[in-house]
Amino acid sequence: MNERYFVLIFVNPRKFICLGVMLCSLASVTADDSTPFVQDRFAIGLWVDPPMDGQAAARYEELAAANFTVVIGGFGGGQVAEQMALCEKHDLKLIASGRNVVASELPEGPAIWGYSIRDEPSADDFPALRIAADAIREARPGKLGYINLFPDYADPEQLGTATYEEHVRRFVDEVKPAVLSMDHYPQFHPGRDGREGYCNNLEIFRTVSQEAGIPFWNFFNTMPYGPHTDPTEGQLRWQIYTSLAYGAKGVLYFCYYTPVGAEFPKGGAIIQR
């Protein structure tokens, strides 16, 4: 595949113009796509979308005012039509939940960027994910079949491969994604993990995404849970700007709304309960 070269000059997080030379196009192309997914803006996204309740209109206005550009749905409730309308109103893109939905019955609309298929699959799941991704490509041309991968500290049993790089390369070769995405959450405890792990994960994604000619995104931590501390503003900035330095075309906050469940007793996402 011929490489495409661009320089991105950001006027604001939603718009960009191309002037010169930088490796990796935001427009992603796969070999068997007749109408490929095109990333038309920098992705500033989130995990755990606001609930679709009486405050939804105000919450989506807040998202736009905070310069988010994409919402990954599936947590806020089943009112996809209302969510699509709010995203369209505020120029937000929506990755709607596509799990357990027949591809031909997936929601459609101007705000739809794609459909979330799976989070953190094993390599054993790749054949089935290829079938699901192909079904979306056929039924909804130009839309993203979104799959998020494990971080590099997942063990071989979770990955289904001997090494993390093998896991990522097999995913690209076997599933043919339009975007690479993963989550990596530094703990920020002295002596427990350092900057190297996060950077090594980004290095693998940068290399594989450039070779495949597709953009990559990554989640980073914004909240305390389990052994994780509550990141400081400086630690949040470090995660974001390090991702940008490695060439990420999307930065994704974990989490926006505080999840409900025994795993997250400390609260502390961007929006608290």
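In which helix is the place of Pro 127? In this predicted model, Pro 127 belongs to helix H3, which covers residues 126-139. Because its relative accessibility is 49%, Pro 127 is classed as partly exposed.

The chain contains 7 helices and 10 strands. It has 273 residues, of which 49% count as buried. When contacts between residues at least 6 apart in sequence are considered, 67% of them join residues at least 24 apart.

Several of the strands are arranged in an open sheet. This sheet is formed by 4 strands in the order S3-S10-S9-S8, with parallel pairing. Its edges are strand S3 (43-46) and strand S8 (180-183), each of which pairs on one side only. On average, neighbouring strands of the sheet are turned by 20° against each other, direction ignored. Within the sheet, strand S9 (residues 216-221) is paired with strand S10 (residues 250-254) in the parallel sense, over 5 bridges. In general, the strands of a sheet pair through backbone hydrogen bonds, in either a parallel or an antiparallel manner.

Phe 254 and Cys 255 are joined by a cis peptide bond, with omega of about 10°. Cys 255 itself is located in the segment after S10.

A further group of pairings involves strands S5, S6 and S7. Strands S5 and S6 run parallel and are joined by 4 bridges. Ile 95 has Gly 114 of S6 as its bridge partner. Strand S6 is also joined by 5 bridges to strand S7 (residues 144-148), and these two strands likewise run parallel. Here the bridge partner of Asp 119 in S7 is Asn 148. Of the 8 residues of S6, 6 are buried, so this strand is largely enclosed by the rest of the structure.

The loop between strand S5 (93-97) and strand S6 (112-119) contains Val 102. With a relative accessibility of 49%, Val 102 counts as partly exposed. The C-alpha atoms of Val 102 and Ala 132 are separated by 9.1 Å, while the two residues are 30 residues apart along the chain.

Attention may next be given to the packing of two helices. Such a pair is described by the angle between the two axes and by the distance between them. Helix H1 (residues 56-65) packs with helix H2 (residues 80-89) at an angle of about 40°, and their axes are 10 Å apart. Because of this angle, H1 is oblique to H2. The crossing of the two helices is right-handed. On the H1 side the contact is made by Ala 56, Ala 57 and Tyr 60, and on the H2 side by Glu 82, Gln 83, Leu 86 and Cys 87. The residues of this contact comprise 5 nonpolar, 1 polar and 1 charged.

Which backbone angle of Asn 67 is positive, although the residue is not a glycine? For Asn 67 this angle is phi, with a value of about 70°. Asn 67 is placed in the loop between H1 and strand S4 (70-72). Its relative accessibility of 33% means that Asn 67 counts as partly exposed. Asp 91, also a residue other than glycine, has a positive phi near 55°. The location of Asp 91 is the loop between H2 and S5. With a relative accessible area of 32%, Asp 91 is partly exposed.

Notes:
Residues are numbered from 1 along each chain as its sequence is written. This is a predicted model: local features need pLDDT of at least 70, side-chain atom pairs count only at pLDDT 80 or more; totals for chains, interfaces and linings use all residues. Side-chain values use heavy atoms; hydrogens and water are left out. Axes are lines fitted to C-alpha atoms, for helices over the stretch in contact, and angles run from 0 to 180 degrees between N-to-C directions. Angles under 35 degrees count as roughly parallel, over 145 as roughly antiparallel, 65 to 115 as roughly perpendicular and the rest as oblique. A crossing is left-handed if the near helix is turned anticlockwise from the far one by less than a right angle, and right-handed if clockwise. Contact means heavy atoms within 4.5 Å. Ala, Val, Leu, Ile, Met, Phe, Trp, Tyr, Cys and Pro count as nonpolar, Asp, Glu, Lys and Arg as charged, and the others, Gly among them, as polar. Two strands pair if DSSP finds at least two bridges between them. Buried means under 20% relative accessible area, exposed over 50%, partly exposed in between (1.4 Å probe, protein chains only).
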